[in-house]
Amino acid sequence: MSLTTAQALASLLDEHDRAALRAIFGERARFDEPLGSYTSWKIGGPADVFVTVERESELAALMAHCFARSLPWFVLGSGSNVLVGDGGMRGVVLRLGGAFAEVHARAEVTHVIVEAGASAGMAAVTAKAASLGAIGIGSLAGIPGTVGGSLRMNAGTDREIGDFVREVWVQRPTKPEPHPVTVQYYYRHTTLARDAVVSRVTLAFERGDPKVVREEMQARLVRRKSTQPIALPNAGSCFRNPEGDKAARLIEAVGAKGWRHGGAEVSPLHANFINNVGGATAADVAGLLARVRRAVHDRFGVELQLEVHLVGVFTDETHAG
Ligand SMILES: Cc1cc2nc3c(=O)[nH]c(=O)nc-3n(C[C@H](O)[C@H](O)[C@H](O)COP(=O)(O)OP(=O)(O)OC[C@H]3O[C@@H](n4cnc5c(N)ncnc54)[C@H](O)[C@@H]3O)c2cc1C
């Protein structure tokens with residue numbers, strides 16, 4: 001192992017950090033915690049510390065500590081759009097829970113309003129909103145993320161979460177108390193500051209007939225089941241669609257469906273999905289992503305851009321050699 005790799009794998013926490021984190025989070029601070037079980041790909045090496053943050057005051061204390069100590073940190077939602085390196089992540093990995101999971105929905109005269117904490121699941125948000133007749137909610141149905149992760153990604157299908165946002169509250173190391181911000185939304189990305197943790201969001205939908213909205217949502221969920229390998233560990237679409245085309249079409253055209261690299265396989269059902277078919281490492285997935293990208297470039301001259309976020313330390317240990 002080279003010195004550089006050893007350094008990349010060495011914990012950044014000292015005893016002072018460990019004591020401070022234990023004081024804030026108690027048992028909810030887990031040191032050297034493997035991250036695989038917190039991602040939909042079931043892949044990822046250990047975090048120096050993994051904390052579950054349950055209140056805005058705890059998040060403010062954590063942000064202040066990281067800022068004072070210049071400690072890197074990363075916020076994980078439900079891990080359905082990230083590939084965590086096999087070498088894990090240095091510094092603090094945090095996940096929101098507790099009060100951040102609350103969802104309140106109400107019907108007003110013309111609109112349905114949803115106030116959600118950032119760790120609320122999109123499944124809970126879409127179900128509540130649909131029951132009140134939120135028009136357009138079907139475009140967010142079946143996305144297996146949290147509200148915070150979905151906002152960061154501007155997740156959606158024909159319509160995106162950004163189309164419905166009324167207010168976003170964040171906390172940052174330089175301004176740890178919750179405060180509202182203005183965000184611009186683009187295809188699978190936003191202007192949200194890199195160091196902002198979304199803490200809560202208010203969404204507003206035009207109000208329609210709940211029965212019609214629920215039926216439309218149900219039809220979309222059924223369609224998703226037949227076109228996506230949702231029973232297998234994956235992270236949804238790996239690449240963004242290039243302007244005017246579909247990444248899945250290009251990947252299928254180069255014959256990549258079924259390609260394997262170690263325990264990673266290009267889905268035979270949906271070419272833009274990579275499944276962990278058994279014991280895949282991040283290096284396996286990264287190797288397959290690179291092969292697919294090269295093949296599409298060589299055949300079509302198109303440089304596919306990743307939709308999934310690659311985070312943490314990537315090492316060369318791949319099963320495929
Ligand atoms: C089977 C399957 C189907 C999918 N279908 C779709 C789809 O139809 N449309 C679509 O757009 N996506 C889809 N996805 C991708 C994924 O579900 C979305 O991108 C989702 O919104 C990510 O949310 P998450 O909570 O899992 O975020 P994570 O994957 O945990 O994180 C994604 C990014 O958001 C950041 N983040 C997470 N929480 C916060 C927060 N509170 N504040 C600030 N930043 C935060 C993370 O740091 C990371 O950079 C699919 C994934 C799977 C597995």
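A single salt bridge (a side-chain nitrogen of Lys or Arg within 4 Å of a carboxyl oxygen of Asp or Glu) is found by the rule across the interface of domain 1 and domain 2. The side chains of Glu56 and Arg200 meet in a salt bridge, with 2.8 Å from N to O. Helix H3 (56–69) and strand E3 (73–76) each supply at least two residues to the side of domain 1 that touches domain 2; helices (H or I, at least four residues) and strands (E, at least two) are DSSP runs numbered from the N terminus. The largest share of that side, five residues, comes from H3. By class, the residues on this side of domain 1 are eight nonpolar, six polar and one charged, where Ala, Val, Leu, Ile, Met, Phe, Trp, Tyr, Cys and Pro count as nonpolar, Asp, Glu, Lys and Arg as charged, and the others, Gly among them, as polar.

This is a predicted model, in which local features need pLDDT of at least 70 and side-chain atom pairs count only at pLDDT 80 or more, while totals for chains, interfaces and linings use all residues. Residues are numbered from 1 along each chain as its sequence is written, and side-chain values use heavy atoms, with hydrogens and water left out.

Turning to the overall layout, the protein chain is divided into domain 1 (3–99), domain 2 (101–227) and domain 3 (247–311), with bounds from an automatic or database domain assignment. Taken over C-alpha atoms, the centres of domain 1 and domain 2 are separated by 25 Å. Their contact (heavy atoms within 4.5 Å) takes 15 residues from domain 1 and 21 residues from domain 2. About 1,400 Å² is buried between these two domains, 65% of it given by carbon and sulfur atoms; buried area is the accessible area (1.4 Å probe) that two parts lose on being put together, summed over both.

The ligand comes next. It is surrounded by 35 residues, the closest being Val75, Gly77, Ser80, Asn81 and Thr146, with a heavy atom within 4 Å as the criterion. A backbone N or O atom of Val75 lies 2.6 Å from a ligand oxygen atom, and a side-chain N or O atom of Ser80 is 2.6 Å from an oxygen atom of the ligand. For Val198, a backbone N or O atom lies 2.8 Å from a nitrogen atom of the ligand.

Notes
Polar contact = N/O pair within 3.5 Å; in protein donor to acceptor, adjacent residues only side chain to side chain.
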